[in-house]
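Reader: I am new to this structure and would like to learn how to read it step by step. Could you take me through its features one at a time, with the general idea before each case?

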Amino acid sequence: MTNASGSIATTLAPANPWALVPPLGNLDAYISAVNRLPMLTLEEEQDYARKLKEHSDLDAAGRLVMSHLRLVVSISRQYLGYGLPHGDLIQEGNVGLMKAVKRFDPDQNVRLVSYAMHWIKAEIHEYILKNWRMVKVATTKAQRKLFFNLRSMKQGLKSDAAMAEDGAMLRDTLTSGEIDAVAEKLNVKREEVMEMETRLAGGDVLLDPSPSDDGEQAFGPIAYLADGAHEPTAMIESRQRDHLATDGIAMALDSLDDRSRRIVEERWLKVNDDGSGGMTLHELAAVYGVSAERIRQIEVAAMKKMKKALAEFA
């Protein structure tokens, strides 16, 4: 522009477009900022990519990354249905974008936007599989592919069902025919579709849930998954019981006289061939020629003596 005297006035240089992304702020401000960043022409992209490849120019790498941040935002929106924070999805996508920029070869005659989409989605997929559930639902490459394809196809099947049933309640699980159709379309086994469908339908369960607001302890799997037989205290107690039942009983019996020992053995330690118990008080009374009451008194005295001996033994 010119002033009144006709001389050329000095104009202010425009603000640096690469500094539009604020270091702090909410997610909406970030998305608004990256959408204002200028996009590179093919020549600019090739020039920056060669600077990075041949001279490790970090400023060129930054310009390639910044000009494609809007791509990450766009791709991340496709994965909002997994219940994970949008900001985290964008962050992981940005990691994938930086990996793509680092590996991008300008001599392959491919635009960075096409090359970067794979890396951005790969990082977002990895983040979803790690954080969607506490326990991973897909570990192998085939399971990961089936996980995302199956969820996408189920959404399509639900949409078709909504149109056909005019707002009727939709099913969350696939029918046998739908499972066959999905398996055929994805070129996988029917059993693999059923297994992934089961994993998707399940949810995380707290092993040891926290007490409820009223102070009552909530019931969780820990109540029936715990193996009490191998708990250290239980194992020590079990060994002590076994020790008392063998060496302890033998020592306690040795402390009795012959008649008291035989009465205890006949009453409590012997089992008949038919599985019945030992001799009765009356049968022992007939053997020793005394009353049944006298046999009972001898038995009570013998038991007290054995308990005292066992206590000392323990």
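Reader: How are H12 and H14 oriented to each other?

Author: In general, two packed helices are described by the angle between their axes and the distance between the axes. Here the axes of H12 and H14 come within 9 Å and cross at roughly 95°, and the two helices are therefore roughly perpendicular to each other. On the H12 side the residues that meet H14 are Arg 259, Ser 260, Ile 263, Val 264, Arg 267 and Trp 268, and their partners in H14 are Arg 294, Ile 295, Ile 298, Glu 299, Ala 302, Met 303 and Met 306.

Reader: Is Ser 260 buried or exposed?

Author: Ser 260, which is found in helix H12 (residues 258-269), has a relative accessibility of 9% and counts as buried. Leaving aside its neighbours within four places in sequence, Ser 260 is in contact with Ile 298 and Ala 302, both of which are among the residues of H14 that H12 meets.

Reader: At what angle do the axes of helix H11 and helix H14 cross?

Author: The axes of helix H11 (residues 232-254) and helix H14 (residues 292-313) come within 9 Å and cross at roughly 125°, so H11 and H14 are oblique to each other. H11 passes H14 in a right-handed crossing. From H11 the contact takes in His 243, Leu 244, Asp 247, Gly 248, Ile 249, Met 251, Ala 252 and Leu 253, while H14 contributes Met 306, Ala 309, Leu 310 and Phe 313.

Reader: How many helices and how many strands are there in the chain?

Author: The chain has 14 helices and 0 strands, and of its 314 residues 29% count as buried.

Reader: How many aromatic pairs does the count come to?

Author: A pair of aromatic rings is described by the distance of the centres and the angle of the planes. In this structure the count comes to 1 aromatic pair. The ring centres of Phe 104 and Tyr 115 are 5.8 Å apart and their planes stand at 50°, so the pair is tilted. Phe 104 lies in the loop between helix H5 (86-103) and helix H6 (112-131), whereas Tyr 115 lies in helix H6, so the pair ties together parts that are 11 residues apart in sequence. Phe 104 is buried, with a relative accessible area of 6%, and Tyr 115, at 28% relative accessibility, counts as partly exposed.

Reader: Which residues does Ser 76 touch, not counting those up to four places away in sequence?

Author: Ser 76 is placed in helix H4 (residues 69-76) and is buried, with a relative accessible area of 0%. With residues up to four places away in sequence set aside, Ser 76 touches His 86, Leu 89, Ile 90 and Ile 124.

Reader: Over which residues does the pLDDT fall below 50?

Author: Where pLDDT is low, the predicted coordinates should not be read in detail. The chain averages a pLDDT of 77, and 69% of the residues score at least 70. Over residues 1-14 the pLDDT is below 50, and beyond near neighbours in sequence this stretch has 5 contacts in the model. Over residues 162-171 pLDDT also stays under 50, and the model has 8 contacts for them beyond four places in sequence.

Key
Residues are numbered from 1 along each chain as its sequence is written. This is a predicted model: local features need pLDDT of at least 70, side-chain atom pairs count only at pLDDT 80 or more; totals for chains, interfaces and linings use all residues. Side-chain values use heavy atoms; hydrogens and water are left out. Rings of Phe, Tyr and Trp (its six-membered ring) pair if their centres lie within 6.5 Å; planes under 30 degrees apart count as stacked, over 60 as edge-to-face and the rest as tilted. Helices (H or I, at least four residues) and strands (E, at least two) are DSSP runs, numbered from the N terminus. Buried means under 20% relative accessible area, exposed over 50%, partly exposed in between (1.4 Å probe, protein chains only). pLDDT is the predictor's confidence in each residue, from 0 to 100. Contact means heavy atoms within 4.5 Å. Axes are lines fitted to C-alpha atoms, for helices over the stretch in contact, and angles run from 0 to 180 degrees between N-to-C directions. Angles under 35 degrees count as roughly parallel, over 145 as roughly antiparallel, 65 to 115 as roughly perpendicular and the rest as oblique. A crossing is left-handed if the near helix is turned anticlockwise from the far one by less than a right angle, and right-handed if clockwise.
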